[in-house]
Amino acid sequence: MKICRIFVAILFSLTFYANEITAVYSGLYVDNGEGQTIREKFNSAKEKVVFEKNMLEFLGLSRKPRKIYDPLELEISAPKFLLDIYNALDGNEVDNEFNLKIEDMQSVQESDTIMTFLARNEHLNAPRHEKGRRLRFEVKDVRVEETILSAELRLYKICDDGNTNKFTVTVYEVLQTLNGDQQLSYVDAVNITGDYEGWIVFNVSTALTNWVVFPSSNKGLYFSVHKHLKPQHEIHPESIGIISSISHEENQQPFMVAFLKSQKFNIRRIRDVSSGKKHKLKKDSSFNSNPLNPEEAARGMRHCQLQTLYVNFKDLNWTDWIISPAGYAAHYCSGACEFPLNEQMNATNHAIVQTLVTLTGAWSSKIPAACCVPTKLTPIKVLYYTRDETAILKKYPKMSAKNCGCH
């Protein structure tokens with residue numbers, strides 16, 4: 001099974017560096033084979049560094065982000081938006097203060113990466129107009145190989161009591177012409193009333209796609225406000241309560257969100273401490289035993305069951321950039337798949353036949369025993385910062401073992 005091989009490869013990468021217990025504590029917690037969870041140690045500080053590097057690469061990062069966040073920063077609009085989505089995916093009830101619609105939740109479900117970008121600066125040479133506002137976003141963390149399912153600009157509007165007039169808010173992409181002039185390309189428009197309060201959402205997928213494919217074209221977005229059906233009558237956004245300043249209330253700051261889908265989930269090459277070569281994993285019954293406790297076989301293995309494997313981000317000193325969760329509960333499957341295979345072992349019919357055949361002396365050396373493997377894998381979610389303006393919610397499919405069986 002392809003999924004099983006992937007999971008075994010990740011399990012091997014998590015456990016390879018914790019075989020000998022000496023001096024350097026890790027963030028790795030495992031089952032000791034006696035029904036207890038213990039914290040493992042590394043042979044050296046070098047092994048710990050390599051382990052952490054492998055974990056970062058698994059998360060899709062080349063190095064640890066240089067970001068130290070204060071929990072109070074979660075009140076800022078962009079990361080708070082992602083935290084609400086994170087909690088909603090966990091089944092927790094959240095206030096729909098961000099005006100999430102059905103199409104938004106569809107993008108949430110379909111995407112494997114959601115990024116938010118705070119506006120970097122403002123009021124930059126508002127092209128061709130004096131009353132509109134310009135916003136810039138740093139989008140270097142979006143890779144060109146990722147599919148942009150959708151992208152949104154979100155602006156907050158405070159209620160202008162008693163103002164029932166209708167207004168049109170129009171968003172443009174700022175373009176740079178060959179002679180250095182700036183022009184505007186229409187992106188999206190929304191009609192609102194003066195007494196509306198809440199988030200105004202614009203589809204800016206085309207603009208983000210242009211910036212990812214042609215990074216030098218990123219000159220930002222420009223938005224203007226006109227009285228409805230009177231395009232010649234432009235007004236200041238602030239005059240009807242639209243927040244265009246990043247210095248305003250933290251939970252009302254303008255931001256952009258991108259819903260992304262990777263072409264495929266890719267596990268990067270695992271590094272060996274000693275040689276730097278890729279490990280070759282054999283598909284045999286050697287993974288039936290606890291990979292961190294090979295003496296378990298000598299004491300008599302338990303039957304196939306779920307075992308503890310947990311990476312604590314706090315022990316790795318990663319909680320200064322990872323917002324949630326506190327750690328990665330990978331778990332793993334270990335134990336014997338021996339005759340008779342009872343219901344607790346969740347064995348397939350094929351595994352039962354395979355076990356019966358191996359009981360005959362003539363074939364026992366030619367046919368391997370059934371393996372204890374995950375039968376149900378669930379995704380994990382990690383919410384983290386990459387830089388001051390960018391927060392990411394990433395979903396990793398089939399990364400936590402929930403059930404085991406003999407296959």
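**Entry: the right-handed link.** I looked at Cys304 and Cys372, whose link is right-handed, with 75° about the S-S bond. This is a predicted model: local features need pLDDT of at least 70, side-chain atom pairs count only at pLDDT 80 or more, and totals for chains, interfaces and linings use all residues. Residues are numbered from 1 along each chain as its sequence is written, and side-chain values use heavy atoms, leaving out hydrogens and water.

The sulfur atoms of Cys304 and Cys372 are 2.1 Å apart, and the two form a disulfide (a pair of cysteine sulfur atoms within 2.5 Å). Cys304 lies in the loop between helix H6 (296-299) and strand S12 (305-307), and Cys372 in strand S17 (residues 372-387), so the pair ties together parts that are 68 residues apart in sequence. Helices (H or I, at least four residues) and strands (E, at least two) are DSSP runs, numbered from the N terminus. I found both Cys304 and Cys372 buried. Buried means under 20% relative accessible area, exposed over 50%, and partly exposed in between (1.4 Å probe, protein chains only).

**Entry: the left-handed links.** Next I checked Cys333 and Cys404, a disulfide with sulfur atoms 2.1 Å apart. Their link is left-handed, with -85° about the S-S bond. Cys333 lies in strand S16 (residues 332-334) and Cys404 in strand S18 (residues 390-406), so this pair ties together parts that are 71 residues apart in sequence. Cys333 counts as buried because its relative accessibility is 5%. Cys404 is buried too, at 9%.

Then I turned to Cys337 and Cys406, a disulfide with sulfur atoms 2.2 Å apart. The link of Cys337 and Cys406 is left-handed, with -90° about the S-S bond. Cys337 lies in the loop between S16 and helix H7 (349-358), and Cys406 in strand S18, so the pair ties together parts that are 69 residues apart in sequence. Cys337 is buried at 5% relative accessibility. Cys406 is buried at 0%.

**Entry: the tally.** How many disulfides does a search of the whole structure find? I noted three. With the bonded cysteines numbered in sequence order, the pairing is 1-4, 2-5, 3-6. Cys371 is in no disulfide; its nearest cysteine sulfur, that of Cys337, is 7.1 Å away. Cys371 is buried, with a relative accessible area of 18%.

**Entry: Val144.** Last, I looked up Val144, in the loop between strand S4 (133-135) and strand S5 (147-157). Val144 counts as exposed because its relative accessibility is 58%.
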